[in-house]
Amino acid sequence: MRVVVDTNVFVSGLINPRGAPGTIVDAVIEGRITPVFSSETLAELHDVLARPRLQRVLTRAATPPETLLARLASVAELVTPGAVIERIRDPKDAPFLAVAATRPLPDAIVTGDSDFERGRYGGVPVVSAAVLAAALATDCGRIP
């Protein structure tokens, strides 16, 4: 399953490994999800995880950020962003829409960000970490 994973899902999953975002982080590390990034969205994740304020919290993480980033280096799919036709409330989220606009289309955008107001962008469903975690728990692994 190819998924655009918003930075907030990775951060939440590292902070709380027992929640749905933690399930997403585990699925990435285990290779059950192929996260799809552009160089810009991957750089954002690196930058956010390096923030001193967050570093203090992540020192207690069950999965250290370095482990996640090392795994991403081997399992992530790096794409050239596509053209974004649709608008999003926060322009800072446009790079994630550009990743979702690539071909073949990713299976979903997973985010906890309310700025993704639509249920779909460019034909790609926007789902919460809870919805994706539930889909991973089923035999078919399909996103509703």
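Mentor: Six strands form an open sheet with mixed pairing, in the order E3-E2-E1-E4-E6-E5. Its edge strands are E3 and E5 (120–121), and each of these pairs on one side only. Strands here are DSSP runs of E with at least two residues, helices are runs of H or I with at least four, and both are numbered from the N terminus. Two strands pair if DSSP finds at least two bridges between them.

This is a predicted model, in which local features need pLDDT of at least 70, side-chain atom pairs count only at pLDDT 80 or more, and totals for chains, interfaces and linings use all residues. Residues are numbered from 1 along each chain as its sequence is written, and side-chain values use heavy atoms, with hydrogens and water left out.

Start with E1 (residues 2–5). On one side, E1 pairs with E2 (residues 34–37) in the parallel sense, over two bridges. Val3 has Pro35 of E2 as its bridge partner. E1 also runs parallel to E4 (residues 108–110), joined by three bridges. There, Val4 stands opposite Ile109. E2 in turn pairs with E3 (residues 77–78), again parallel and over two bridges. Phe37 faces Leu78 of E3.

Now the helices. H1 lies across E1, E2 and E4, at about 85° to E1. H3 lies across E2 and E3, at about 105° to E2. Angles run from 0 to 180 degrees between N-to-C directions, and axes are lines fitted to C-alpha atoms, for helices over the stretch in contact. Contact means heavy atoms within 4.5 Å.

H3 (residues 39–49) also meets H5 (residues 65–75). Their axes come within 11 Å and cross at roughly 165°. H3 and H5 are therefore roughly antiparallel, a term for angles over 145 degrees. From H3, the contact uses Leu45, His46 and Leu49; from H5, it uses Pro65, Leu69 and Leu72. Five of the contact residues are nonpolar, one is polar and none is charged. Nonpolar covers Ala, Val, Leu, Ile, Met, Phe, Trp, Tyr, Cys and Pro; charged covers Asp, Glu, Lys and Arg; the others, Gly among them, are polar.

Last, H2 (residues 20–30). Its buried residues (under 20% relative accessible area, 1.4 Å probe, protein chains only) are Gly22, Ile24, Val25, Ala27 and Val28. The buried residues of H2 pack against E1, H1 (7–15), E2, H5 and H7 (129–137). After H2 comes Gly31, with a positive phi near 85°.

Notes. Angles under 35 degrees count as roughly parallel, over 145 as roughly antiparallel, 65 to 115 as roughly perpendicular and the rest as oblique. Buried means under 20% relative accessible area, exposed over 50%, partly exposed in between (1.4 Å probe, protein chains only).
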